[in-house]
Each structure stands twice: as C-alpha cells, then as structure tokens.
Amino acid sequence: ERGAGEGGRRESVCQVSMVGWRGPLLEVLAALLVAVVAGAGSHDQTCGIRETAPLGLHKIREGRVGVYWRWGQLQSRLVSPGYHWMMPLGIEEFLEVPVTMETALLRNVPCGTSGGVMLDFDEVEVVYRLQRQDVLETIRNYSETYAQTWIRDPLPALMNEVCGSLSLHDVHIGRFADMDDMLRAKMSELLAAWAPGLQIITVRLVKPNIPASVQDNFDQVGECASKLKTVTAHQTVVLRAAEKDRSLALLNAEKQLEVAVMHAEADLLAAERSVGISNVTVQTAVSRMIEKADAEFYGKQREAEANRHRLSENFLDLQRRLHFLKNMELNIGPAVPAAIVDDDGVDEDDRDCVYNPYQEEGGIDEDVLLLSLSKGKREGERGDNTQRDGT
C-alpha cells in the first residue's frame with residue numbers, strides 16, 4: 001500500500017513477484033519460505049487477482065470473505081476471516097472479497113445538459129457494498145470484476161441520463177444538491193434488476209467544470225438571476241405586507257361585525273323580555289278582571305237564586321203589611337176630622353179608588369185611624385220596584 005496521496009486517499013497497487021530457482025537448495029527453501037509468508041501474511045486484493053498458497057496455508061482478513069477455485073472452477077465454499085488451508089501447488093486458488101463498504105472513484109465524468117453544453121465532473125465517488133449472502137452468486141455471474149461491470153462502467157451513461165433532463169443552470173446551481181440522489185436512485189434501480197447483491201450506499205459529486213466559452217454568459221445569466229431573485233423577494237415582501245394589512249382589516253371588520261351582532265342580539269333579547277313582561281302583566285290584569293267579573297256574576301247569580309226562593313206569597317204579603325205599617329199616620333185628639341185625604345200626586349183615575357168613610361152607612365168613629373192613600377201608594381210603588389229589581 002502506498003501512503004496517503006492527493007485528497008487523503010490510499011491507493012493500492014497489485015504486484016506479482018516471481019521466485020525462480022537459483023541453484024542451491026537453500027535458495028529454493030528460502031523462496032518457499034517467502035511464498036508461505038506472502039500467502040499467510042497481509043496482502044491486498046483490491047485488484048481482484050486470485051492467489052495461490054504454495055503450502056496451502058493462507059489468511060482471510062477482517063471485513064472480507066474467502067472464495068475458492070479448484071482447477072479453475074468456482075467452489076461453493078465461503079469462509080470467514082482467519083487462517084485457512086487449501087490444496088497447494090496451484091490446485092486451488094482463493095480470492096478475498098470485501099463485504100464492507102467500498103468506494104469507487106471515477107475521474108473526468110462527462111455530463112451533457114439539455115441545452116447541449118458538455119460539462120465534466122472532476123470526481124464522482126460511489127460508495128457500495130456487496131452482501132455476504134450474495135457473494136458466490138455475484139461472482140459466478142459476473143466474475144471477480146463485478147464492481148467494474150456494474151459500478152464503474154455504467155456510471156458515465158447514467159450520469160448523462162441525469163444531466164440530459166437538466167439545464168446548465170440546474171446542473172451547476174439549481175438542482176446540483178439533488179443530482180447525487182438522482183444518480184443513486186438510477187444506479188440502485190439498475191442493480192436491483194441485474195445485480196441485487198450490490199447495494200449503493202451513497203454518491204458524492206463535486207462541482208462540474210464549465211467550458212470557458214460558456215462561463216462568461218453563464219456568469220451574466222447568474223447575475224441576472226440574482227437580480228431577479230432580489231426583485232422577486234422584494235415583491236414577495238410587499239405582497240406579504242399587503243396580505244398582512246388585508247388580513248388585519250378583515251379581522252377588524254369581522255370583530256366589529258361580531259360586536260354589532262352581539263349588541264343586536266342583546267337588544268333583541270331585551271325587547272323580547274320587555275314584551276314578555278308586558279304580556280304577563282296584561283294577561284294578569286285580564287285574568288284578574290275575568291276573575292272579578294266571574295265572582296260578581298256568580299254572586300249576582302247566587303243572590304238571584306236566593307231571591308227566587310225567598311219571594312214567596314207569604315213573604316210578599318209580609319212585605320206589603322210592613323210597608324203598610326210604615327205609611328200609617330196617627331191623629332189623636334178631641335177634634336179628629338172624619339177623614340183626611342192627601343191627594344197630592346194622585347191621578348184622576350185613582351180618585352175613585354180613594355176610601356171615603358162618609359160613603360159607608362152609619363158614618364165613622366172619631367177614633368178611626370185614617371189612611372193617607374196617596375202617600376201609601378207612593379211608598380208601595382217604591383217597594384214593588386225594589387222587589388222587582390231583586391234588591
């Protein structure tokens with residue numbers, strides 16, 4: 001392994017060393033010892049080269065699995081990290097396959113925009129991982145160069161598909177933040193159909209290089225776009241302020257409307273309450289008047305019934321006699337006239353009905369009590385009228 005180079009990355013270079021026979025037996029033994037140490041020690045497998053172990057002892061490092069070939073045929077044997085043994089002398093070969101996250105770095109990836117401008121991405125990094133359970137199937141289908149087949153080779157074509165739907169401004173500024181997700185989605189879709197054991201973790205892009213002939217125009221367009229954004233932002237602020245004022249005015253009008261509705265409802269309730277009280281007062285007065293009239297009617301009715309039962313012949317005779325006694329006049333003395341007639345107010349028709357004691361035979365005694373018929377008649381008429389009224 002070489003040291004960290006540009007960008008802090010470590011690069012590995014595959015080297016093949018040959019050990020030849022140099023004569024003496026000691027040199028042969030030394031060569032065998034070097035081969036054993038090389039097979040059992042640390043070594044790099046990033047180039048996908050199969051290895052052999054002269055004595056069969058070898059080591060699988062952490063984060064990798066071991067895959068074996070016998071006489072060039074892939075075996076179903078899959079081993080975990082650690083020391084293992086296989087048939088020596090080139091009968092079996094092994095390969096360390098990484099099952100952790102690996103990074104594929106591509107440089108100068110072309111990108112053609114929808115406007116026909118050709119851009120270049122200096123670096124495109126794809127972080128992927130091969131699933132352990134799919135190692136044998138992936139190597140059987142695409143050999144040990146599966147990463148080259150499905151990661152590095154399709155990447156330029158997929159990048160052109162992504163850039164072909166975007167403009168220069170979108171690729172460089174507008175949609176640049178979304179391009180890594182778009183590219184990862186396309187690569188994941190491709191691998192899901194053909195190499196499901198490979199999983200794309202993430203894609204990292206750097207800013208593309210714009211041709212010098214387009215750079216000036218692009219800068220002018222960018223400046224105009226910035227001015228347009230400024231104007232648009234100012235318009236947005238003005239619109240928001242106007243919308244805010246409109247909202248405040250609308251809220252104020254709704255508030256006043258609600259207050260007016262509340263006052264109107266309160267006045268309506270007060271009027272309804274006043275009308276209700278007036279109705280109750282009128283109904284109470286009417287009820288009292290009806291009750292009073294009913295009571296008076298009932299009293300008169302009961303009194304009339306009582307008078308009807310009371311006005312018998314005997315009662316009427318008694319009343320006549322009582323009124324008769326009230327209308328008597330007594331004249332006591334030595335010279336009592338034979339008759340005293342008070343005809344004031346007596347009609348001509350009633351004069352024949354006046355009692356005249358001189359018309360009787362034998363005359364009248366001086367001690368006879370004389371009646372004043374006119375006065376008795378008047379009192380009798382008043383008594384009869386009173387009886388007829390029921391009082």
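The structure holds 14 salt bridges, a salt bridge being a side-chain nitrogen of Lys or Arg within 4 Å of a carboxyl oxygen of Asp or Glu. The model is a predicted one, in which local features need pLDDT of at least 70 and side-chain atom pairs count only at pLDDT 80 or more, while totals for chains, interfaces and linings use all residues. Residues are numbered from 1 along each chain as its sequence is written, and side-chain values use heavy atoms, with hydrogens and water left out.

Among the salt bridges is that of Arg107 with Glu123, at 2.9 Å from N to O. This pair links distant parts of the chain, since Arg107 lies in strand 6 and Glu123 in strand 7, 16 residues apart; strands are DSSP runs of E with at least two residues, and helices are runs of H or I with at least four, both numbered from the N terminus. Arg107 is partly exposed at 45% relative accessibility, whereas Glu123 is buried at 19%. Here buried means under 20% relative accessible area, exposed over 50%, and partly exposed in between (1.4 Å probe, protein chains only).

A salt bridge also connects Glu125 and Arg204, with an N to O distance of 2.8 Å. Glu125 belongs to strand 7 and Arg204 to strand 8, 79 residues apart. Of these two, Glu125 is buried at 11% relative accessibility and Arg204 is partly exposed at 39%.

Strand 6 is joined to strand 7 (residues 118-130) by ten bridges, and Cys111 has Leu119 of strand 7 as its bridge partner.

Cys111 also takes part in a disulfide with Cys163, at 1.8 Å from S to S; a disulfide is a pair of cysteine sulfur atoms within 2.5 Å. Because Cys111 lies in strand 6 (residues 102-112) and Cys163 in helix 4 (residues 155-164), the bond ties together parts that are 52 residues apart in sequence. The torsion about the S-S bond is about -120 degrees, so the disulfide is left-handed. Cys111 is buried at 0% relative accessibility, and Cys163 is buried at 0% as well.

In helix 7 (residues 212-310), Glu223 and Lys227 lie four residues apart, about one turn of the helix. Their closest N and O atoms are 3.9 Å apart in a salt bridge.

Terms used: Two strands pair if DSSP finds at least two bridges between them.
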